[in-house]
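This briefing concerns the helix packing, the nonpolar cores and the disulfides of one protein model. Please consult the sequence and the structure shown here before reading on.

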Amino acid sequence: MRFNPKARLDTGRTRDRGRGRASRSGGPLGGALGGGGGGGSPLPGGLVGGGGIGAVVLVVLVVVLTQCVGGGGSDPGGAGSSAYDTSRMDAGTDRYAGCETGEDANASADCARVAVENSLTDFWADELGSRFRAEQALVTFTGSVATDGCGEATSAVGPFYCPPDETIYLDTAFFDQVLEDRLGGPDGGFVEPYVLAHEYGHHVQNLLGTMGRVRTQEGPRSDSVRLELQADCYAGMWAHAATTTEDSSGQVLVAELTDDDIRQALGAAAAVGDDRIQQQAQGTVDEESWTHGSSASRQRWFGVGYAGGTLEDCDTFATDDL
């Protein structure tokens, strides 16, 4: 993935909270990118995660907040506002202060993160029109983070989206320490953009009220799986159009997206499939405990979006062909 050196970056929504407390080890984990234990143990802040793997830190998980599953996610605070006062969110460190241009994004993983967020925001603003509202923030952290709407989470949770405060949270060590080292996922520059696009897909679902359709939490055709596969499809939609997204002055943000980038995205999607995580963690696969879908399904639905799919094409709630 290569960015246009002339593009200007907007760091207004990207923040770093620095280091929190050390991550806890052992026990059930929760998250938003992958999952697949037995259980359904409650975690701090109302997150629901899969257990069933003992002290092995392998689950990168899930997250449907129980309040959103039961009450819908469409603009709970009224048009143009989130349900939480995110003005309380501190500016944090100066990690992104030097991210000004696409040239910076080509030289720095931190600045590339800003550029991807800008590209996602531009794409979904065009796609949703009047229904769109940018996420409140993309927050990076180390160790743990206190969210404004979902309580406290540790790095063991993996990347996640918090619907009440409309914020994406990311411990950047996740990609090397968990996705690559523990789950055998790919090591490449487009892995993180895929993950961010998946989490941004949850923000889109929050805006459209899709989270309110989630009633069943486990199983290969559960609403939880449908929600996650749809977020993968939305990630593919963005990837298909990424090289057409623009900064505020009309400069293209993403100069090039290669076939290898897409292979990295598909490899990451496979790495966090429920069947693959369960096989690695416990040596068996239990479909009835799935929360995110199989590796093949996750790859397939990313592909539907990347092939030029529309919001309607990505309606995983309208089909049993998952």
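Is cysteine 314 buried or exposed? With a relative accessible area of 0%, cysteine 314 is buried, where buried means under 20% relative accessible area, exposed over 50% and partly exposed in between (1.4 Å probe, protein chains only). The model is predicted, so local features need pLDDT of at least 70 and side-chain atom pairs count only at pLDDT 80 or more, whereas totals for chains, interfaces and linings use all residues. Residues are numbered from 1 along each chain as its sequence is written, and side-chain values use heavy atoms, with hydrogens and water left out.

**Disulfides**

- The structure holds 3 disulfides, a disulfide being a pair of cysteine sulfur atoms within 2.5 Å.
- With bonded cysteines counted along the chain, the pattern is 1-2, 3-4, 5-6.
- Cysteine 233 and cysteine 314 are joined with an S to S distance of 2.0 Å, and the torsion about their S-S bond is about -70 degrees, so this disulfide is left-handed.
- Because cysteine 233 lies in helix H6 and cysteine 314 in the segment after H9, this pair ties together parts that are 81 residues apart in sequence; helices (H or I, at least four residues) and strands (E, at least two) are DSSP runs, numbered from the N terminus.
- Cysteine 233 also counts as buried, at 0% relative accessibility.
- The sulfur atoms of cysteine 99 and cysteine 111 are 2.1 Å apart, and a torsion of about -80 degrees about the S-S bond makes this disulfide left-handed.
- Cysteine 99 is in the loop between helix H1 (66–71) and helix H2 (102–107) and cysteine 111 is in helix H3, so the link ties together parts that are 12 residues apart in sequence.
- Both cysteine 99 and cysteine 111 are buried.
- Cysteine 150 and cysteine 162 are bonded at S to S 2.0 Å, and their link is right-handed, with 95 degrees about the S-S bond.
- Cysteine 150 lies in the loop between strand S6 (144–146) and strand S7 (152–154) and cysteine 162 in strand S8 (residues 160–162), so parts 12 residues apart in sequence are tied together.
- Cysteine 150 and cysteine 162 are each buried.

**Packing of H3 and H6**

- Two packed helices are described by the angle between their axes and the distance between the axes.
- For helix H3 (residues 109–128) and helix H6 (residues 223–241), the angle is about 100 degrees and the axes are 10 Å apart; axes are lines fitted to C-alpha atoms, for helices over the stretch in contact, and angles run from 0 to 180 degrees between N-to-C directions.
- H3 and H6 are therefore roughly perpendicular, a class covering 65 to 115 degrees.
- Val116, Ser119, Leu120, Phe123, Trp124 and Glu127 of H3 meet Tyr234, Met237, Trp238 and Ala241 of H6, contact meaning heavy atoms within 4.5 Å.

**Nonpolar cores**

- The largest nonpolar core has 58 residues, of which Leu9, Leu120, Trp124, Tyr194 and Trp238 touch the most other members; such a core is a set of buried Ala, Val, Leu, Ile, Met, Phe, Trp, Tyr and Cys residues joined through side-chain atoms within 4.5 Å.
- Elements giving two or more residues to this core include H3, strand S9 (167–171), helix H5 (191–208) and helix H7 (259–271).
- H6 supplies the largest share of this core, 10 residues.
- Leaving aside residues up to four places away in sequence, tyrosine 194 touches Asp232, Ala235, Ala265, Ala268, Ala269, Arg298 and Phe302.
- A second, separate core of 10 residues includes Ala137, Val139, Val145 and Ala153.

Key:
Parallel < 35°, antiparallel > 145°, perpendicular 65-115°, else oblique.
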